[in-house]
Amino acid sequence: MTELESEAMEAEFGTVAGWTEEAVRALGPEHAVPAGCRGSGSEGALRWLADRLGLTAGSRVLDDGAGVGGPAGWLAAERGVRAVCAEPMHEAARAAHRLFGLPSVTALAQRLPFADAAFDAAWCLGVLCTTSDKAPALAELRRVLADGGRLGLLVFVADRPLPPPLPEGNDFPTEEELRGLLDAAALRLGETATADLGDSPPEWSERADAVDAEVSRRHGDDPRWQQAQEQSGRVGRLLADGALRPWLGVATAD
Ligand SMILES: C[S@@+](CC[C@H](N)C(=O)[O-])C[C@H]1O[C@@H](n2cnc3c(N)ncnc32)[C@H](O)[C@@H]1O
C-alpha cells in the first residue's frame, strides 16, 4: 500500500482510474465526463455546488481529490473555469490531465503543494469520506483558500451505525462531526442540501455504463476490477437503503 487507507481503495481509485482512461479513449471523448465522475454523483449535484461557489471567468479553482477529473472537466465545459486538479493516485491524476487537458498534480489533501491563499474557490467531492485524517485535509483547504473563498463539499454521511458489509478503508462521518470539523477549520458552513444522485441526463448513465462494460471486457478477470466493483457496490447498497446520505454543503473561508 502507498498512500490511501486500504488496498481496495488503491485498486478502485488508482488501477481502475487508469483503466477508465483507457476505455474512454477507446469509446470517445463524450464518455470522459460521465465516466470521470467517480463518486460525485450527478450533474445536478455539480450544478448545485458550482452555482454557489461565486465563480467568475478568472477564478482560481482547486479540485481536491479530483479522481480522473470528471467534475473538473464538467466545470471547464459548462462554466468555462479551468480548475487545478490534486489527487493522490498517480494514474487518476494523469488521466485528469490527459482526458481534460487540466493542470493536475499527484498530492494528498493533507499535504497540498500550493501557496497560502492560492485559490478563490475549491471543491472536494466524495473525498472526506475516504480518509480518516479529515481535520488536516480541511486545514489544508482553508490554508490554500483566500479569505472569503468558497468551498463546495459532497460527503457521504452516516446517520446511524452502518450495516455490514462495509466498503474497506472508508470513514463516513456523521453530519454533526462534519459540522464540528468545518467549524474547527475556520470554514463557515452556509447552505446545505441532500444530493439527488439520479439527477443526470440519461446519456450520462448510458456512457458511464458503456465505459464500465469496456473496462470489464478488458480487465474483468483481474481481481482488482472485481474488488473495485465490490467496493462501489457496497457504497451503492448503503446509499440505496438510506444508511448513507449524499450531503452537499458550501462553506466560506473565514
Ligand atoms: C469517490 S472518489 C471521488 C473522485 C472525484 N472527486 C469525483 O467526484 O469524481 C474519492 C477520491 O478521493 C481520493 N482520495 C482518497 N484519499 C485521499 C486523500 N487523503 N487526499 C486526497 N484525495 C484522496 C481518491 O484517490 C479518489 O480519487
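This is a predicted model: local features need pLDDT of at least 70, side-chain atom pairs count only at pLDDT 80 or more; totals for chains, interfaces and linings use all residues.

Reader: At what angle do helix 1 and helix 5 pack?

Author: Two packed helices are described by the angle between their axes and the distance between the axes. Here helix 1 (residues 7–27) and helix 5 (residues 90–100) pack at about 25 degrees, their axes being 7 Å apart. Helix 1 is therefore roughly parallel to helix 5 (angles under 35 degrees count as roughly parallel, over 145 as roughly antiparallel, 65 to 115 as roughly perpendicular and the rest as oblique). Axes are lines fitted to C-alpha atoms, for helices over the stretch in contact, and angles run from 0 to 180 degrees between N-to-C directions. Helices (H or I, at least four residues) and strands (E, at least two) are DSSP runs, numbered from the N terminus.

Reader: Which residues of helix 1 and helix 5 make the contact?

Author: Among them are Phe-13, Ala-17 and Val-24 of helix 1 and Ala-92, Ala-95 and Leu-99 of helix 5 (contact means heavy atoms within 4.5 Å). The residues of this contact of helix 1 with helix 5 divide into six nonpolar, three polar and five charged (Ala, Val, Leu, Ile, Met, Phe, Trp, Tyr, Cys and Pro count as nonpolar, Asp, Glu, Lys and Arg as charged, and the others, Gly among them, as polar).

Reader: How do the axes of helix 1 and helix 8 cross?

Author: The axes of helix 1 and helix 8 (residues 202–219) come within 9 Å and cross at roughly 110 degrees. The two helices are therefore roughly perpendicular to each other. The contact includes Trp-19 and Leu-27 of helix 1 and Val-211 and Val-215 of helix 8.

Reader: Which atoms of Gln-110, Leu-125 and Thr-130 lie by a nitrogen atom of the ligand?

Author: For Gln-110, a polar side-chain atom lies 2.9 Å from a ligand nitrogen atom. Leu-125 places a backbone N or O atom 2.8 Å from a nitrogen atom of the ligand, and for Thr-130 a polar side-chain atom lies 3.4 Å from one.

Reader: Where is the cis peptide bond?

Author: It joins Pro-164 and Pro-165, with omega about 5 degrees. Pro-165 is found in the loop between strand 5 (145–158) and helix 7 (175–184).

Conventions:
Residues are numbered from 1 along each chain as its sequence is written. Side-chain values use heavy atoms; hydrogens and water are left out. A polar contact is a pair of N or O atoms within 3.5 Å; within protein, one must be able to donate a hydrogen and the other to accept it, and residues adjacent in sequence count only if both atoms are side-chain atoms.
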